Amino acid sequence: MSAGRRDPRGGSGQPGRPRHETEAKLRTSCLIAPDELVPEATALLASGYRVASIAAHDDGHAMRVVYVFTAGPPDRRVELQVRLDAARPSVPSLAAVSFPASRFEREMHDLFGIEPTGHPMPRPLVLHQHWPEQWHPMRRDAGPMPAMRSDAGPYPFVQVEGPGVYEIPVGPVHAGLIEPGHFRFSVVGETILSMKARLWFVHRGIERLFEGRVVDEGVELAERVSGDTAIGHTLAYCLAVEDALRIDMPEASARLRALLLELERIYNHVGDIGSLCNDVGYGLAQARALVLRERLLCLNEAVTGHRLLRGAIQPGATAVHRLPTAGELSEIGDRFEELVELATSNTVVMDRFRGTAVLAGADAAGIGTLGVVARASGLGLDARVAHPIPGLDEHCLVACEESGDVMARMWVRAAEVRESLRLVAELGGRATALDLTEARPAVLGGSGLGIVEGFRGSIVHRVEVDAEGRLTRCKVVDPSFLNWPALAVALHDTIVPDFPLVNKSFGLSYAGNDL
Amino acid sequence: MTAMPGAVGLEMRVAASTVQVVAVVVGGPLLLGLMAKVRARAEGRIGAPVHQVLVDLRKLARKERVRAEHASGVHAAAPIVLVAAAAVAVAMAPLVTTTPVLGHSADVFVVVYLLLMGTVALALAGLDPGTAFGGMGASRAMTIGAIAEPALLVALLALSLQARTSNLPAIVAATLAHPAWTASPERLLALVALVVVVLAETGRIPVDNPTTHLELTMIHEAMVLEYAGPELGLVTLGGAMRLGLLFGLVANLFFPWGIAAPASPMALLVGLVVLAGKAAAIAVAVALVEVSTAKLRLFRVPELLAGGFVLAVLAVVTGLVTR
């Protein structure tokens with residue numbers, strides 16, 4: 001992919017190393033034959049890489065699949081590209097060596113019609129059964145959507161049979177203001193034998209919407225991939241675009257962006273801790289958390305002009321109105337400690353959290369979980385350490401718990417809020433400017449990868465930009481896509497009335513998963 | 001079995017019972033509203049007005065009747081049975097006066113089983129439409145009821161042993177005659193046991209969360225999810241009446257002063273005001289407990305109720321030993 005690129009720095013006059021060296025250090029990309037894929041991938045996985053993204057591309061004359069493997073620290077990114085026959089596209093399945101890969105392959109099968117040969121469960125994943133068959137919406141020549149099928153039978157849920165086993169269907173429409181998802185529980189008494197989550201009710205085709213936009217117009221989409229992760233997704237998108245267009249952002253900009261990312265983490269974690277208390281009926285802590293969350297949203301508005309932090313980050317630019325003051329941060333810190341004290345001093349709350357829905361470390365690793373869920377099960381994965389924002393020299397501590405229960409997921413969040421507050425104070429204190437825009441290089445086109453630790457976990461965006469500066473592909477990976485399967489595993493032997501609490505402790509995005 | 005204090009005319013008894021039923025029909029929803037208000041204030045919110053539940057009931061009564069598709073007559077009859085049973089129990093219980101109509105029949109067992117009748121009717125109604133939630137709620141309600149009812153009976157038995165009668169108005173009247181009883185060990189043990197049972201019977205935190213929107217965690221609400229409109233109104237009213245009755249009973253059994261004994265127009269008025277004050281005090285206390293604790297894990301609820309049962313048994317044993 002690097003072939004044909006010229007030095008993009010042109011007249012920007014930035015001092016520093018030649019860009020292609022940096023890129024070589026960060027990301028290597030090689031085109032391989034389909035039959036080399038499995039051994040190459042196996043070798044990468046064995047040396048500590050994870051499958052960060054698998055994205056198909058319809059180049060018109062041919063299909064192409066880009067496998068992104070990442071590891072860190074130190075930051076390592078490897079891309080394997082496989083070209084396929086457009087007429088009968090198929091790739092050897094990686095399902096035997098990577099569970100996350102098996103999910104990406106099913107997604108790719110639905111959206112592009114690429115056959116993963118040897119996949120143990122090649123069922124549709126993204127598109128529900130009443131979508132038209134053999135119509136793949138991400139193909140260039142997909143055309144207008146045919147009518148939905150009316151003859152599609154019900155979804156083949158696994159039927160658990162035995163004396164006293166019954167099913168509880170919940171959703172996709174729920175009583176609260178939550179996103180749509182259908183959950184099918186097979187239950188004996190109150191104990192969950194199995195749970196099947198049926199998602200993709202809010203599939204918006206957002207990756208397709210990116211295509212053809214100039215890179216600046218992609219921001220408004222990135223901000224809306226998952227409304228609560230505006231900074232996480234926008235930053236990942238902008239880093240990918242800047243990687244593709246060879247825009248070098250100065251350290252001051254990286255600091256501002258890291259600060260915004262932590263502000264997003266703080267308000268979401270505070271909200272989640274409150275919701276955890278609410279789900280065990282502890283209204284007092286929920287009320288306190290909501291007050292604190294509102295305080296944080298007001299701070300967000302003061303800093304960026306938007307309560308959900310939209311509009312602060314653009315490709316090649318970062319701008320805020322002002323920075324949080326030390327006084328504000330210490331006041332928020334005090335109120336947060338009061339909230340945590342209120343929640344954790346209640347023995348009933350602690351009893352509900354402790355030992356509930358344990359996700360073992362081995363399961364968390366095998367499923368490929370990320371973020372809070374992974375760290376609560378003892379996996380020290382954090383993109384802030386593994387893939388720091390280019391130019392950022394600020395280090396953060398990774399909060400880790402071993403027990404893998406609801407309690408651990410709450411403690412991880414609490415520890416992260418404290419660390420985030422420290423980081424915001426530190427980064428804000430070192431800020432030199434509030435509005436930073438880098439000159440765009442004249443030469444456009446290329447591919448780029450952006451990895452960001454959002455509040456849920458590692459977000460990956462991979463973009464390809466044509467010579468006119470228009471996006472030809474943007475692959476979005478929200479950590480929820482990889483974490484959802486872990487919920488069903490953690491629920492084994494949990495009781496039905498604990499499900500909302502467990503679900504909240506995972507805190508996954510439906511929109512970010514469904515795309 | 002018992003000597004009703006004083007000779008009170010039938011008209012006065014009927015009037016007294018009517019006052020009781022009206023007081024609980026209006027007062028039960030007000031207690032719910034008061035508890036919601038206290039909760040809201042404790043959480044730093046303004047909250048809905050205290051009479052909100054009454055407004056909601058009026059709204060529900062005017063709504064169209066919507067029936068679940070597969071529901072039978074059981075589903076339609078249950079709200080009526082619930083409200084009727086609660087009304088009869090209220091009419092004969094010693095709330096405003098110790099001399100209600102049918103007061104001589106207001107045996108501990110009669111009142112407890114009238115309440116149980118409503119519970120069973122709702123559980124059947126939960127099963128009737130054949131939805132997963134109804135069955136789940138009914139199963140949970142019966143599990144809790146199976147432990148709560150014995151604890152309630154045994155706690156009341158402790159009072160009966162002391163007063164040597166199982167007639168509720170007579171127990172209250174006897175307590176009035178022997179004020180020292182209210183501080184006796186068996187009374188205090190029975191009080192704690194009763195409070196635990198009342199929390200379970202009225203579906204309050206830490207047993208059930210009446211304000212939750214999480215279907216999977218519901219007990220009472222899961223049973224009545226298929227109700228809408230006027231029938232939902234009846235179910236809500238029935239629940240509010242049970243709450244009013246239980247709070248009133250707890251108040252009068254352990255702190256009977258102010259009750260009209262025997263009933264006369266002036267005494268009824270005083271009794272009504274005092275009952276409202278006592279029930280409101282209990283409601284505020286319960287709401288404050290609710291706001292400062294969380295809902296127990298479902299499998300811990302039987303432990304809590306078993307604790308209540310043990311306290312009730314201890315109350316009986318203490319009563320027998322110290323007699």
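Me: How many residues does helix H14 of chain A have, and how far does it reach from its first C-alpha to its last?

Reply: This is a predicted model, in which local features need pLDDT of at least 70, side-chain atom pairs count only at pLDDT 80 or more, and totals for chains, interfaces and linings use all residues. Residues are numbered from 1 along each chain as its sequence is written, and chains are lettered from A and ligands numbered from 1 in the order in which they are written. Helices (H or I, at least four residues) and strands (E, at least two) are DSSP runs, numbered from the N terminus. The expected span of a helix is 1.5 Å times one less than its number of residues. Helix H14 (residues 406-429) of chain A has 24 residues and reaches 35 Å, close to the expected 34 Å.

Me: What secondary structure does chain A have?

Reply: Chain A comes to 17 helices and 15 strands. The radius of gyration is taken over C-alpha atoms, and the globule rule is 2.2 Å times the number of residues to the power 0.38. For chain A the radius is 23 Å, close to the 24 Å from the rule for 515 residues, so chain A is as compact as a globular protein of that length.

Me: Which domains does the assignment give for chain A?

Reply: Domain bounds come from an automatic or database domain assignment. For chain A it gives domain 1 (19-117) and domain 2 (217-478). Their centres, taken over C-alpha atoms, are separated by 27 Å.

Me: How many residues of domain 1 of chain A are in contact with domain 2 of chain A?

Reply: Two residues are in contact if their C-beta atoms, placed from the backbone, lie within 7 Å. Here 17 residues of domain 1 of chain A meet 17 residues of domain 2 of chain A. On the domain 1 side, S2(A) gives the most, with six residues.

Me: How many residues does each chain give to the contact between chain A and chain B?

Reply: Chain A gives 26 residues and chain B gives 25 residues. Strand S7 (165-170) and helix H8 (283-304) of chain A are among the elements that give two or more residues to the chain A side.
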